[in-house]
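Here is a short briefing on selected features of one protein model.

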Amino acid sequence: MPSVRLLGAICIFLFAGAPPVLTLQEVQVSRETLGKISAASKITWCSAAVDIVFLIDGSHSIGKGSFERAKHFAITACDALDINPDRVRVGAVQFSSAPWLEFPLDSLSTQQEVKSKLKRMVFKGGRTETGLALKYFLHQGFPGGRNASVPRVLIIITDGRSQGHVALPAKQLQEGGITVFAVGVRFPRWEELHTLASEPREQHVLMAEQVEDATNGLFSALSSSNICTFASPDCKVQPHPCERKTLETVRELVGDTLCWRGSRGTDGVLAALCPFYSWKRVFVTHPATCYRTTCPGPCDSQPCQNGGTCIPEGLDRYHCLCPPAFRGAAHCAPTRSLECRTDILFLLASSAGTTLEGFQRAKAFVKRFVQASLNEDSWARVGVAQYSREMVVAVPVGEYQDVPDLVRSLEAIPFRGGTTLTGSALQQVAERGFGSASRTGQDRPRRVVVLLTESRSQDEVAGPARHARARELLLLGVGSEAVRAELEEITGSPERVMVHAGPHDLFGQIPELQGKLCSQPRPGCQAQSLDLVFMLDASASVGPEHFAQMQSFVRSCALQFDVNPDITQIGLVVYGSHVQTAFGLDTHVARPAVLRAMSQAPYLGGAGSAGTALLHVYDKVMTVQRGARPGVPKAVVVLTGGQGAEDAAAPAQKLRDNGISVLVVGVGPVLREALRRLAGPRDSLIHVAAYTDLRFHRDALIEWLCGEAKRPVNLCKPSPCMNEGTCILRNGSYLCVCRDGWEGPHCGNRVLRGDALKVQGSRRQPTGGQPPDPSQQRRRPGHPGR
C-alpha cells in the first residue's frame, strides 16, 4: 500500500521508563501557533445538511479508558455541529466482535440529546472486527440517513489494530461517496488508519487524544466542502510538519547462550551456542503533514513594546507582560511623554569603581527611559556624557530626534575604566556639557543633569556641584545606597536623589525620574506611587450643598498628585441610599479626567452606612481586577458628617489588616465617638468644624497621604491573586498559587482542560526528595485570596 511507504519508520525510541503523559501526535509548530490551533477549534460552526456517523471501537484492544476518550472526542466535535433534522444529523455505532447500533441518524434532533446519548454509551469489549463493521455500512447503509444527495461522513475512532482485513471494505465505502475519517486512540497503528481514511489521507487521519487539535483537523477538512465554516474570514487552513508515534513490540538479539542439540547418526547430545532474543516495546516515529486552521491572533500585530511579551487571552484579547520600567503601562509603552521643555544630559560613571557591568546597566536605564518618555510630540531633548578621569560628551543634547537612532548611539558608547572623578566631571558639564544646545533668556529650556553612579568620587564634589547649580542646572542623582549621601550633597536635596535597592530595582526608578524632570515645587508627593480612593458621604445627613463642598475639597487634593498609571491612581466611591463607585482606580489615567469625574459624582441622599461602603471598597475597588497594583501603597480617605458610621469600625480594621490605610475626615462641631473608633489605633483622624473649613486641612491630609505612600508594603496585602488564589511572598516578589481550574500570573484565566494520554509509570520527584516547586503545579490554597 502506498500509504505504508509514506509512513516509513524514521527512528526508534526504547520504551523504558515511559513518562506518565505521552504525545503520540505532535504538530511541530511554535507554542503561539498551537494556541491558535486550539482557539480556532472553538470558533467553528457546521450548519450544512450532512449525515455524520461516529463508528467507535469498543474492543478489548483499546480498553475502557481509551473508549471514554473516544467518546470525549465525539462529544467535543458535536459542540460545533448545528444538529437538527434539516441540517446536521448524527448517529453512532459501536463495534468490537460485531457492530452495535447505538442510535440512528433520525432518532435525535438536538445537540444536547446527541451529547447525552454519547455520554451514556457503555463499553462492550470483544475482538477488533473493524472490517465487519465497515461491511455493516456497505449492506445496511447509514441507519436513519437521507438520500445520496446529502453528504455522508463516517468518523472511525479506533486503534487501527483490526483482526480482519479492512482495505477492501474501506475502499468500497469511499467509492460509494462516503467521506471517511480515521481517528486514532491509545497506541494506534497508523498504517491501518491511513488505509481506512479518505484521500487526501493526511487530512483525514487524526488523533483523538489531542482533542482540540483533532477537532481542528476534522473541521479544517470539512470546511473545504463548505460543511463547516470558521468565525473569521481570515482563518486559513495550512499544512504543518508533524510526527506520529506508535508502540510496537520488536525482537532484539541479546547474545548467545549454551544449548544442547542432538547429533544425526549418533546417540550423543552436543553442547552448542544458540542465539538468545528478548522482546521489547519501542516507539516507532513516522513523519507526516497535518493540516490545521489558524486564525489571526490578538498578538499578531506585536502590540507589546519595549521588550514586553504578549499573552493572548482568547481570540481578540491579550495582555502584556512588561519589563519593570514599563509595568502598569498599556502595551509596555507609557503614553506619558515629557511635556515640559527640558534639555536632559545623562552623566554616566564609566570608571573602574563602577565596573563594566554597572556601566552597561546605566546605559540600559537611559535606553529604557528614552523609549518610555520620548516621542515625536515630546518637547524634551536628551544627550549622554560619560566620565572617569575626564568627561566626554558621547551624544550631544538634541543631536538625535529619532528615538531608534538615539538608542543605537547609546549602545555604541564604550566603557573606559580609570579613576572616579565626579567633581571634575560636574565642573566640565557646567562649562560645556550642553554645548550649542544652550540658549539664553526666556527661550532657554530647563537644563537637567542626571548623574548615574555606583562608585564614590575620588575628588571633592561639593564645590563643583554648587558651581553647576549656580549655572541654573538642576542636578538629579540615581545610584545605590552606598552613594546616597554623596548624591544628596551633589544635588542639594534628598528629594532629588533616587536610590535603588539593587540591579533588579534600577528600572523601577524611571517613573520617579519622569516626575522630577517636569515637576515644579508644590505640596504633595509627586513621585510616590499610590492607589488612593476617596469615599464621600452622600447621604441626606450631609445634604447636596455640603456634598458639593466635599467634591470641591477632594478636587483640590487631587491637584497635588501626578495622576498616571505608573504613579498615582485615584478612585471615588459615594454612599447614601446605596453605595456607588463613581469611578475606579484604573478608569482615568490623567488628572483632568479625574477632576471632571469628581465634579460629576452623584449625590444620593437617603440613609448612609459607612461600614457597607468600606466593605464595597474592599471587595470591588481595591482589587487587582479593578486596577489596584500589587506592591503599591494603598489608602482610603473617608469624608463624612459622622452619621451612619456606627458600623464602620470593623470594616475599616479589615482594610488596615490587608495593608490599606484608612484616614477619616469628620466634619461637624461635635466629634462623634463612632468616628474615633473608625479612626483606629493610630488615630488617623482629621476633625473639621465646618464644611467651609475643609480647605484649611488640605495640606494636613496631603502630608498624611505622603507619609502613608512611603510606608513599606506587603506585596500580598491586599492579595493580588484572583479567584481564591493564594499569595506567597518570595525573594522580594510574590507568587499566586491558583486553585484547580485557574491559571495565569494572578489566577485570572480558566484552564481549558483536554484529555491527555496517561501511561503507567512513576512520577519523578525533585532531586533530594524535596517537594515540587509551587510555581510548577497548582495546588489547593490554604487561605483564600481575592
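The link of Cys716 and Cys727 is left-handed, with -70° about the S-S bond. Its sulfur atoms are 1.9 Å apart, and the pair forms a disulfide (cysteine sulfur atoms within 2.5 Å). This is a predicted model: local features need pLDDT of at least 70, side-chain atom pairs count only at pLDDT 80 or more, and totals for chains, interfaces and linings use all residues. Residues are numbered from 1 along each chain as its sequence is written, and side-chain values use heavy atoms, with hydrogens and water left out.

**Disulfides**

- A search of the whole structure finds seven disulfides.
- Cys716 lies in the loop between helix H20 (698-709) and strand S28 (726-730), and Cys727 lies in strand S28, so the pair ties together parts that are 11 residues apart in sequence.
- Helices (H or I, at least four residues) and strands (E, at least two) are DSSP runs, numbered from the N terminus.
- Both Cys716 and Cys727 are buried; buried means under 20% relative accessible area, exposed over 50%, partly exposed in between (1.4 Å probe, protein chains only).
- Cys738 is joined to Cys747 by a disulfide, S to S 2.2 Å.
- The Cys738 and Cys747 link is left-handed, with -90° about the S-S bond.
- Cys738 is buried at 5% relative accessible area, and Cys747 is buried at 0%.
- Cys235 and Cys295 form a disulfide with sulfur atoms 1.9 Å apart.
- The Cys235 and Cys295 disulfide is right-handed, because the torsion about its S-S bond is about 110°.
- Cys235 sits in the loop between strands S11 (228-230) and S12 (236-262), and Cys295 in the loop between strands S13 (269-294) and S14 (309-312), so this pair ties together parts that are 60 residues apart in sequence.
- Cys235 counts as buried at 14% relative accessibility, and Cys295 at 9%.

**Ser539**

- Ser539 is found in the loop between strand S22 (530-537) and helix H15 (544-558).
- Ser539 counts as buried because its relative accessibility is 3%.
- Beyond its neighbours within four places in sequence, Ser539 is in contact with residues including Tyr575, Tyr603 and Gly606; contact means heavy atoms within 4.5 Å.

**Helix H5**

- The buried residues of H5 (residues 130-140) include Leu134, Tyr136 and Phe137.
- Gly141 follows H5 and has a positive phi, near 75°.
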